[in-house]
Amino acid sequence: MFAKTQENIDRIRTFTPVDEDLAQIPADIARVAIETREQFGLGVDSYRCQLWHDPDGIDVFADIAYAQPTGDTIAHIKAHSLDIYLPHDALLRGGATLPVIVDIHGGGFVYGYKDLNRNFGTHVASYGVAVVSLGYRLAPTTDFMGQLQDIFTALQWLQAHAHEYPIDLRNLFITGDSAGATLALYTAAALNSTVVGEQLHCPIQDLPVRGAIFQSGLFELEPFTRGSSTTDTLPYIAQMGGTFFTSFAEQTTEELQSMQGLVQYAQLPPSVVITSSDDFLETQSLLFAAAMRQRGNYCEIYDVVPTKGKTLGHVFPVGQVWLEESQQVFEIMQRFVFDHSQYYL
């Protein structure tokens, strides 16, 4: 872990807010958020960020506002903006046929800008797809339902502006890692299932998700809605008052609050689940894949075992794009997207 120096704190501010969005938050809650963000940022991300780069041949359209920021700090601006990553060849050809992968970054609901995943997104785009990376507000400035509303707003912007880019929203896919996988799962459920969309107050019409790719996801929310597991799994959420899932629990039925219930209740798209044997959420990925298959839903599961003396860990394709195992995941994503896309003239 990097030392807590001003230089190192400034480094992590390039991919996460530290305190920039917390001016209106009570001091005791803000302190927990700051400590959590510093702990996350000064760990492996500070090492990995030194290797992050955009591959050749990718056009980056960064920090596009999809909604009016709620404040004037960089954190407020990033929270309501998105990036679009495109293979340059798509612009040269002048068509509008690229399938689109919407990426929702992780960070335990409390940490990270969309920039945390730029390295991942641009590398995925190099495999011949468009990637749209979404920002959203973080806890404690909003809760789970608020984060979903941000994502819905970003997707509405994408619907309205898709004609400006060489993309085809009829082939829309979604991916997310860790907490981002949770948000991606509920977004896909809301877009593909009217009954779920109504409970989650999703305003989007006619934007189905063709497929989802979940990486090291947190899929089981029932313990959090019952208030029995926050301290163990998301201790900082408990320390910030433990209300992050309260409005979600109050506004949705019990079916939506459990993994098994959601899989049974929603029309979920074909999915790919990525994890590793040393991922602390591996069991959740395995159980989710099993639930999908028991329901008769299409679901591929890739549980990668590292070679002796090496590790992969949590969300390895996002954090370590240079690994051979990560590049194999990108190939899996590419094949899955094109297998499940429709060709339109």
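Author: Two strands are said to pair if DSSP finds at least two bridges between them, and strands themselves (E, at least two residues), like helices (H or I, at least four residues), are DSSP runs numbered from the N terminus. This is a predicted model, in which local features need pLDDT of at least 70 and side-chain atom pairs count only at pLDDT 80 or more, while totals for chains, interfaces and linings use all residues. Residues are numbered from 1 along each chain as its sequence is written, and side-chain values use heavy atoms, with hydrogens and water left out.

Reader: What makes β2 and β4 a pair?

Author: DSSP gives them four bridges in the antiparallel sense, against a requirement of at least two, so they qualify; within this pairing I84 stands opposite V132 of β4. Strand β1 also pairs with β2, antiparallel and over six bridges, and there V60 has Y85 as its bridge partner.

Reader: Why is strand β2 called mostly covered?

Author: A residue is buried under 20% relative accessible area, exposed over 50%, and partly exposed in between (1.4 Å probe, protein chains only). By that rule seven of the seven residues of β2 (residues 81-87) are buried. S81, D83, Y85 and P87 point one way and L82, I84 and L86 the other way, and all are buried. In a regular strand the side chains alternate between the two faces of the sheet.

Reader: What makes a group of residues a nonpolar core?

Author: The term is given to a set of buried Ala, Val, Leu, Ile, Met, Phe, Trp, Tyr and Cys residues joined through side-chain atoms within 4.5 Å. The largest such set has 90 residues, with F144, L200 and F288 making the most contacts inside it, and helix α7 (residues 179-192) gives the most to it, with 10 residues. A second, separate core of 24 residues includes Y85, A125, F316 and L323. In soluble globular proteins, nonpolar side chains tend to be buried together.

Reader: How do you know that the span of helix α6 is close to what is expected?

Author: The expected span is 1.5 Å times one less than the number of residues. Helix α6 (residues 144-161) has 18 residues and reaches 26 Å from its first C-alpha to its last, close to the expected 26 Å.

Reader: Why is the size of the protein said to agree with a compact globule?

Author: The radius of gyration is taken over C-alpha atoms, and the globule rule is 2.2 Å times the number of residues to the power 0.38. For 345 residues a compact globule would come near 20 Å, and the protein has 19 Å, which agrees. Of these 345 residues, 59% count as buried.

Reader: How many disulfides does a search of the whole structure find?

Author: A disulfide is a pair of cysteine sulfur atoms within 2.5 Å, and the search finds zero.
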